[in-house]
Amino acid sequence: QVQLAESGGGLEQAGGSLRLSCAASGRFLRINTMGWYRQAPGKQRELVATINRYGSTNYADSVKGRFTISRDDAKSTVYLQMNSLKPDDSALYYCNTYVQKSLLTEYESWGQGTQVTVSS
């Protein structure tokens, strides 16, 4: 089993910054894609950003230019730097990973979520 430990959420004013971290632990050969998703009350969970093991990134249009995803494979950790925060960014942010458990098996994991609240 793969465990994900998220941190870095909190309350911030509009225009401010927060940095989320998600550390993976457990038994696996490598981490493939890592990403962040978010879910606001009454809305569906949506993709925020992903990064694959080659460093290629993908962002939701709503966060492009404001958020930056990065990873440190030595620490099995993915980060989300969030700048120029807006009240619409308020949501529960979930970490997601695909790890290679064996040569033929890829395993998806979700974190518990970390709350981000942006006040206007």
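Strands E9 and E10, the latter spanning residues 106-110, pair antiparallel through 5 bridges. This is a predicted model. The two strands make a hairpin, with 5 residues between them. Within that pairing, glutamine 100 faces glutamate 106 of E10.

E4 runs antiparallel to E9, and 8 bridges join the two. One of the pairings sets tyrosine 37 against tyrosine 94 in E9. E11 is also antiparallel to E9, joined by 3 bridges. Here alanine 91 has valine 116 of E11 as its bridge partner. E9 is mostly covered, with 8 of its 10 residues buried.

Stay with glutamine 100. This residue belongs to E9. Its relative accessible area is 10%, so glutamine 100 counts as buried. The side chain of glutamine 100 reaches the backbone oxygen of serine 102 at 2.9 Å. The side chain of glutamine 100 also makes a polar contact with the side chain of asparagine 32, again at 2.9 Å. Setting aside neighbours within four places in sequence, glutamine 100 is in contact with Phe28, Leu29, Arg30, Asn32, Thr105 and Glu106.

Now cross to the other side of that contact. Asparagine 32 lies in strand E4. Asparagine 32 is buried because its relative accessibility is 8%, below the 20% cut-off. Beyond four places in sequence, its contacts include Ile51, Asn52, Arg53 and Arg71. Tyr98, Val99, Gln100 and Glu106 also touch asparagine 32.

Further along E4, which covers residues 30-39, is glycine 35. How accessible is glycine 35, buried or exposed? Its relative accessible area is 0%, so glycine 35 is buried. Leaving out residues up to four places away in sequence, glycine 35 touches Ala49, Thr50, Ile69, Tyr94, Cys95 and Asn96. Valine 48 is 13 residues from glycine 35 in sequence, and the two C-alpha atoms are 7.6 Å apart.

Next, the aromatic residues. A search of the whole structure finds 2 aromatic pairs. In one of them, the ring centres of tyrosine 37 and tryptophan 110 are 5.1 Å apart, and the planes meet at 65°. Why is this pair edge-to-face? An angle over 60 degrees counts as edge-to-face, so the 65° between these planes qualifies. Tyrosine 37 sits in strand E4 and tryptophan 110 in strand E10, so the pair ties together parts that are 73 residues apart in sequence.

Tyrosine 37 has a relative accessible area of 19%, so it is buried. Tryptophan 110, at 35%, is partly exposed. Tryptophan 110 also forms an edge-to-face pair with tyrosine 94, at 6.5 Å centre to centre and with 85° between the planes. Tyrosine 94 lies in strand E9 and tryptophan 110 in strand E10, so this pair ties together parts that are 16 residues apart in sequence. Tyrosine 94 is buried, with a relative accessible area of 11%. Through these ring pairs, Tyr37, Tyr94 and Trp110 are linked into a cluster.

The charged end of arginine 45 lies over the ring of tryptophan 110, 4.6 Å from the ring centre. Lysine 101 lies over the face of tyrosine 107, at 5.8 Å from the centre of that ring.

Turn to E8. Of its 6 residues, 5 are buried, so E8 is largely enclosed by the rest of the structure. E3 pairs antiparallel with E8 over 6 bridges. Cysteine 22 stands opposite valine 78 of E8. E7 likewise pairs antiparallel with E8, over 6 bridges. There, threonine 68 stands opposite glutamine 81 in E8. E7 and E8 form a hairpin with 4 residues between them, and serine 76 in the turn has a positive phi of about 50°.

The last stop is the interior. In soluble globular proteins, nonpolar side chains tend to be buried together. Which residues of the largest nonpolar core touch the most other members? They are Trp36, Leu80, Met82 and Tyr93, out of 28 residues in this core. Strands that each supply at least two residues of the core include E1 (2-7), E3 (18-26), E4 and E5 (46-51).

Key
Residues numbered from 1 in each chain as written. Predicted model: local features only at pLDDT ≥ 70, side-chain atom pairs only at ≥ 80, totals over all residues. Heavy atoms only, no water. Buried < 20%, exposed > 50% of the residue type's maximum accessible area, 1.4 Å probe, protein only. Contact = heavy atoms within 4.5 Å. Core = buried A, V, L, I, M, F, W, Y, C linked by side-chain atoms within 4.5 Å. Polar contact = N/O pair within 3.5 Å; in protein donor to acceptor, adjacent residues only side chain to side chain. Pairing = 2+ DSSP bridges. Phe/Tyr/Trp six-rings, centres within 6.5 Å; stacked < 30°, edge-to-face > 60°. Lys NZ or Arg CZ within 6 Å of the ring centre and 35° of its normal.
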